[in-house]
Amino acid sequence: MIRVIRQRKRYRKFFIVLLGFLFLVLHGVSPAQSDETSANIRNGGQYELSFRRTDLNVLVTVDELSEALAESSVLATLPKDYTLSFYNAYFKTLVPSVLLLRANTEVLVAAVLLGEIQAKGKSAEPGEAIVWPVGGKSIEVVTFDAEKFLEKSQLNLRPEVIASLVSAVGQQERLKFWGLLEQVDLGLFSPFETGDRTSANRQYLENPLVVSFIRQYPDTEELGKAVAEAFVDALRTGELETVEWLISPQLFVNDRGQLNSSEWIELRQDFAFLIMIEYWESLQNEVTLKSTSNDSGWLVTAATYRYHLWLEPLDGMIFVTGFEPIKE
Amino acid sequence: MRSISCQYDFGLNRVSKWELGRGHWIIPFIITGLGAVLSVEAHAQELGAQTIEQRVQQAQEDPTSVIPQDGFLLPREDGLILLRRPKLFSIESDSSYQFTDNAFLSDKQKSYDHILTQSLVARAGTQIAQRLDVFVSGSGFMSRYHRNQGLDFNGFTGSVGASLPINQWVMSIRYDGSATYNRNFDSHLVTLHNLGWDISSAMPLDQRTALYPFFSVLRVWADPDDFSNTSVALGATLVHSLTETLVTFLQGQADFRAYDDFFEPSTLEVRQDFGARLLVALNWTPREWVSMNFFATIARNESTISTLRYTNFLLSPSLRLIFRF
């Protein structure tokens with residue numbers, strides 16, 4: 001009898017432990033949730049740093065942020081007093097914050113969903129966004145419609161972020177009532193997506209490399225120098241993609257002066273490859289670049305080899321239009 | 001727009017009589033009398049780049065300059081729609097030159113003249129609940145006559161008003177308080193407290209043309225109180241847009257005005273006026289901050305007091321500059 005009782009007690013303990021384990025499995029950390037937990041939110045006010053690409057729903061590191069922004073928006077979760085810098089723009093969080101970061105060749109935007117950020121003396125709260133225009137010297141704080149964002153956004157937002165935006169909705173409704181805010185019916189990026197941006201020129205402008213160049217070098221001279229150095233360096237190191245993206249699309253227009261969308265990209269790829277295999281070896285020596293004074297070009301010297309590199313602006317970017325040896 | 005007319009009555013030995021007429025201020029580009037506003041707006045533009053406000057303005061003025069967001073640049077989660085803080089305040093300056101063939105507004109003393117007017121207006125307004133427009137303004141004005149300098153005057157006005165759309169009509173109420181002085185500010189001429197109510201509607205005739213009928217009632221309390229009166233006006237304005245920035249309008253108005261006690265001990269008559277006015281105008285607004293107008297009016301006033309009957313022809317180009325912030 002005593003043995004039975006002891007066995008029953010042992011089984012009871014076993015079941016208690018089993019129930020406890022099941023409880024932990026169901027309500028604790030699961031493998032599917034570990035990614036979320038390691039990335040985000042809230043325990044006693046501490047926000048872990050994370051950046052999530054919204055198109056692929058994958059986490060990226062802070063070093064990958066600039067490249068990610070060239071292709072997608074990024075949902076950033078930042079702790080208090082964190083300074084984030086990218087594309088020559090930087091801001092600081094005043095409190096733990098959740099932001100939606102977006103960029104194109106003309107502007108960089110940090111939209112505040114939760115928390116507060118500050119840049120150059122200007123702060124933004126939920127429902128507001130800080131905008132850094134390329135070429136502009138001062139940043140601007142704009143207001144976005146928090147209610148429409150909650151309706152249209154397909155982001156999977158956490159409850160506290162939604163609560164923050166709901167609070168912003170209430171505040172914006174009050175301002176709208178008194179005529180202190182009005183709807184513009186334009187997307188935040190619409191005023192910057194002008195008719196100059198066609199589907200054709202987007203093909204050679206809206207890529208990470210070009211976006212990063214345009215954003216990092218608003219000065220034309222600096223941009224030209226950066227493109228020249230990057231092109232030569234890419235030839236030297238065999239970075240075919242960089243060579244390809246820096247070659248001017250104007251070299252591949254048809255008789256009507258248009259880019260044939262189905263052909264020109266492939267032509268440029270082939271051309272970039274030919275240039276690379278032709279000049280790669282000669283550039284393995286120490287390379288120096290010197291700007292030529294009489295044209296928009298550069299003199300490239302590598303030991304006994306000398307080349308002339310031509311650059312031309314196109315749609316806000318500077319591209320390579322020629323690279324050929326100098327015949328003595 | 002307010003209209004200001006003046007009368008010089010030799011018979012009553014008054015230096016001048018000043019009446020503040022009414023204009024249909026809620027209808028854009030309508031000038032119903034004298035006065036144009038000259039105002040200045042300074043554009044602050046960041047070196048090498050437009051501000052977002054300027055870009056939004058450009059996008060709204062020319063929607064074709066903005067390409068619709070498509071999937072290429074539009075992440076699935078986009079929902080960032082702009083809200084803007086409207087410019088609630090403005091400073092306006094109106095300058096006008098006027099030619100009138102009847103400076104004294106009396107057929108018994110017909111004299112042509114050239115008049116320069118200038119006014120400066122500070123205005124604040126907002127729209128409550130996206131329906132009720134309210135405003136408050138203050139202004140200073142002056143008029144200078146070329147041939148009859150005794151008619152020169154200066155003055156100040158404070159106004160407050162509201163308008164509310166009701167179905168296809170717009171109902172407005174407005175108060176103006178003004179004090180008018182002579183040229184040197186050493187003689188007070190008249191103080192007016194105007195309380196006006198009007199109702200108007202917009203009736204589109206085609207894509208470029210609309211008819212705006214209106215009816216208004218105006219009560220004026222004046223000091224001296226000889227000028228206190230009550231008037232009603234009925235009219236319509238036909239507006240036609242030649243281009244996006246060039247607008248023509250034709251206005252006809254009839255009004256009846258009854259004075260409380262217009263110098264009755266002297267005139268021995270109750271003054272009642274019946275007037276009719278026809279106005280044609282051209283307005284050009286090349287930019288949001290500048291507007292040029294040219295109008296011509298012909299007005300006929302029949303009064304129970306014979307010396308106050310007149311026909312008046314008026315020509316006036318004017319320039320308005322507006323600074324909004």
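Strand β11(A) and strand β3 of chain B, residues 81-84, are joined by 2 bridges and run antiparallel. In this predicted model, F144(A) has L82(B) as its bridge partner in β3(B). Strand β11 of chain A also pairs within its own chain: 4 bridges join it to β10(A), residues 128-133, and these two strands run antiparallel. Within that pairing V131(A) stands opposite E140(A) of β11(A).

The pairing of β4(A) with β5(A), residues 89-93, is antiparallel and runs over 4 bridges. Here S85(A) stands opposite Y90(A) of β5(A).

Another open sheet of 4 strands in chain A has the order β13-β14-β15-β16, and its pairing is antiparallel. The edge strands are β13 (287-291) and β16 (317-325) of chain A, each of which pairs on one side only. From one strand to the next, the twist averages 25 degrees. Helix α8 of chain A, residues 220-237, packs on this sheet and touches β13, β14 (297-302), β15 and β16 of chain A. The direction of α8(A) makes about 50 degrees with that of β16(A). Strand β15(A), residues 305-314, is joined to β16(A) by 8 bridges, the two running antiparallel. W310(A) stands opposite G322(A) in β16(A).

Which residues have the most contacts inside the largest nonpolar core? They are F231(A), L309(A), M317(A) and F323(A), in a core of 36 residues. At least two residues of this core come from each of α6 (199-205), α7 (208-216), α8, α9 (240-246), α10 (264-279), β14, β15 and β16 of chain A. Helix α8(A) gives the most, with 9 residues. For F231(A), leaving aside neighbours within four places in sequence, the contacts are V243(A), L246(A), I247(A), L309(A), V320(A) and F323(A). Apart from this core lies another, of 27 residues, including L69(A), A103(A), A110(A) and V112(A).

Over all chains the count comes to 23 aromatic pairs. In one of these, F177(A) and W178(A), the ring centres are 5.0 Å apart and the planes stand at 90 degrees, so the pair is edge-to-face. Are these two residues buried or partly exposed? F177(A) counts as partly exposed because its relative accessibility is 38%. W178(A) is partly exposed as well, with a relative accessible area of 48%.

Chain B has charged groups placed over rings. The charged end of R147(B) sits over the ring of Y112(B), at 4.0 Å from the ring centre. Likewise, the charged end of R271(B) sits over the ring of F262(B), 4.4 Å from its centre.

How values were computed
Residues are numbered from 1 along each chain as its sequence is written. Chains are lettered from A and ligands numbered from 1 in the order in which they are written. This is a predicted model: local features need pLDDT of at least 70, side-chain atom pairs count only at pLDDT 80 or more; totals for chains, interfaces and linings use all residues. Side-chain values use heavy atoms; hydrogens and water are left out. Two strands pair if DSSP finds at least two bridges between them. Axes are lines fitted to C-alpha atoms, for helices over the stretch in contact, and angles run from 0 to 180 degrees between N-to-C directions. Contact means heavy atoms within 4.5 Å. A nonpolar core is a set of buried Ala, Val, Leu, Ile, Met, Phe, Trp, Tyr and Cys residues joined through side-chain atoms within 4.5 Å. Buried means under 20% relative accessible area, exposed over 50%, partly exposed in between (1.4 Å probe, protein chains only). Rings of Phe, Tyr and Trp (its six-membered ring) pair if their centres lie within 6.5 Å; planes under 30 degrees apart count as stacked, over 60 as edge-to-face and the rest as tilted. A charge sits over a ring if NZ of Lys or CZ of Arg is within 6 Å of the ring centre and within 35 degrees of the ring normal.
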